[in-house]
Amino acid sequence: MTAPTTLFRPFTRLIRIAILGRHFEVPENNTLLRCFQYLAPEPVSYGRFCWNEDCQYCRVTFDLGQGSTSRAALSCKLMAQEGMRVTEAASEIRYCLRTLGLSEANR
Ligand code: FES
């Protein structure tokens, strides 16, 4: 299944991010959770996400590259940025992204 493009905010290019040790290209100008949906359209669409900063199932820890501060955030609110590295992810996210071959070390 391909995610309908209307789910995404308009974008003209893909940016590189890392999720639990693997690199991916995702649409710029979109929230991190929407980028997860870009990578795994069906599982994320059927995930238990409220998309509204309420459920907390989308929690991640991330930084913006080597030497930057590690921060916790809700991926439904956080805009993805070039070079962003997701170092920890809530179990619902890991479950929805299970087909991407993410590192077992961060589970
Ligand atoms: S999806 Fe529910 S808090 Fe982010």
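Helices (H or I, at least four residues) and strands (E, at least two) are taken as DSSP runs and numbered from the N terminus. The model is predicted; local features require pLDDT of at least 70, side-chain atom pairs count only at pLDDT 80 or more, and totals for chains, interfaces and linings use all residues. Residue numbers start from 1 along each chain as its sequence is written.

Five strands make up an open sheet with mixed pairing, in the order β2-β1-β5-β3-β4; two strands pair if DSSP finds at least two bridges between them. At the edges lie β2 (22-27) and β4 (71-74), each of which pairs on one side only. Neighbouring strands of the sheet are turned by 40° against each other on average, direction ignored, where axes are lines fitted to C-alpha atoms, for helices over the stretch in contact, and angles run from 0 to 180 degrees between N-to-C directions.

Six bridges link β1 (residues 14-19) to β2 in the antiparallel sense. Within β2, Phe24 is the residue opposite Ile17. Helix α1 (residues 32-39) packs on the sheet and touches β1, β2 and β3 (59-63), its direction making about 105° with that of β2; contact requires C-beta atoms, placed from the backbone, to lie within 7 Å.

Leu20 is located in the loop between β1 and β2, and Gln56 in the loop between α2 (41-45) and β3. Leu20 counts as buried because it has 21 C-beta neighbours inside 10 Å, whereas Gln56 is exposed, with 12 other C-beta atoms within 10 Å. The cut-offs, applied to C-beta atoms placed from the backbone, are 20 or more others within 10 Å for buried and 12 or fewer for exposed, with partly exposed in between.

Notes
Two residues are in contact if their C-beta atoms, placed from the backbone, lie within 7 Å.
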